[in-house]
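Here is a short walk through one predicted model. Follow it with the structure open beside you.

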Amino acid sequence: MAAHRKPKQHLLSGPAARTAATLALAGAASATAFDGVGHAEPALTPAQVKDKADKLYQEAEVATEKYNGAKERTAAARASVDRLRDEAARRTDRLNSSRNALGSIATAQYRAGSIDPALQLALTSDPDEYLERAALAERTGERQAAAIAGVHQQLVEIGRLRAQAGERMESLKDRQAELARHKATVRSKLSAAERMLDRLTAEQRASYEEGSGHGDTASTARADRSTAPRGALRAPDARAAQAVAYAYGALGKPYVWGATGPSSFDCSGLTQAAWRSAGVSLPRTTYTQINAGRRVSQSELVPGDLVFFYSGISHVGLYIGGGQMIHAPRPGAPVRVASIDDMPFAGATRPS
């Protein structure tokens, strides 16, 4: 019977198989084409590359100011923990002294035979001695009771301080995590901006670096270090003049996010350092510096005023008169002079 069995038929063989294979290859090629071309990022013009890089740098600056604020909060939390621990240590030393004093009393009683004071009094035959020793025993008992109560209170206070230190330590850990998040965001944005700028030719990149990424022109980038711009106003007082002088002295120094000088700065680090040189303490971040003084309008600006930009108050410069400021623009763009019209103006403050 096996000899009469028909040979097994393949569903796709001969011409049909070749046709199916051709269709499959064509389909795979189409899918590859759609996967590659359909999802590839379109070519960007140099202007578009610069715009995207500017946006990434501006986002990095927002994250930098958040990092600066988180860094301050982290430092404050750490200092609080240290103060509580130091106070707990001091109180522990006092507690040990109190315990040693009680130990001395106990030792003296033991050496005296641990005789109850009332029994010792009862064995005294001299009435005058009896009265004297009774008063002494009463005072000694009061002192011992007070000493024991004091030790107990010290234990309670030390426990409270240690509990507070534990709570502040948890807060410190939260601040450290917040700091790490903002730091990672800054680095991510800066790396993305660098990758974007790598698409430019060397000449285009050099042209971009000549500006600040915030719209500065080459002429303002190369402003003289020692003289104010033509038509500039005089500083209203000696402190403002000193802040402006410091800013001029910082021209050409590199932007480094999180830096407050004297060799490098970020935007709020520069304004803080400039006014610190004049004896005025400014907060660390743009969004706190804007409230560190009297708000003034753009038409009221005088040298030394702080000028802020963008809706999130993420950038700040020091006004020097003539519609210009000195600011730390971004990584790759050193401290320089720029027009305050190059960025969206958000407000101004006169430190006091």
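Start with two helices. The axes of helix α7 (residues 238-249) and helix α8 (residues 267-276) come within 7 Å and cross at roughly 130 degrees. Axes here are lines fitted to C-alpha atoms over the stretch in contact, with angles from 0 to 180 degrees between N-to-C directions. So α7 is oblique to α8 (under 35 degrees is roughly parallel, over 145 roughly antiparallel, 65 to 115 roughly perpendicular, the rest oblique). Arg-239, Ala-240, Ala-243 and Tyr-246 in α7 meet Ala-273, Ala-274 and Trp-275 in α8; contact means heavy atoms within 4.5 Å. By class, this contact has six nonpolar residues, one charged and no polar.

Now turn to the strands. Strand β1 (residues 294-296) pairs with strand β6 (residues 345-350) in the antiparallel sense, over three bridges. Pairing requires at least two DSSP bridges between the strands. Arg-295 has Thr-349 of β6 as its bridge partner. Strand β2 (residues 306-309) also runs antiparallel to β6, joined by four bridges. There, Val-307 stands opposite Ala-348. Helices (H or I, at least four residues) and strands (E, at least two) are DSSP runs, numbered from the N terminus.

Gln-58 counts as buried because its relative accessibility is 17%, and buried means under 20% (1.4 Å probe, protein chains only). Beyond neighbours within four places in sequence, Gln-58 contacts Tyr-310 and Ser-314.

Residues are numbered from 1 along each chain as its sequence is written, and side-chain values use heavy atoms, without hydrogens or water. In this predicted model, local features need pLDDT of at least 70 and side-chain atom pairs count only at pLDDT 80 or more, while totals for chains, interfaces and linings use all residues.

Conventions: Nonpolar A, V, L, I, M, F, W, Y, C, P; charged D, E, K, R; others polar. Buried < 20%, exposed > 50% of the residue type's maximum accessible area, 1.4 Å probe, protein only.
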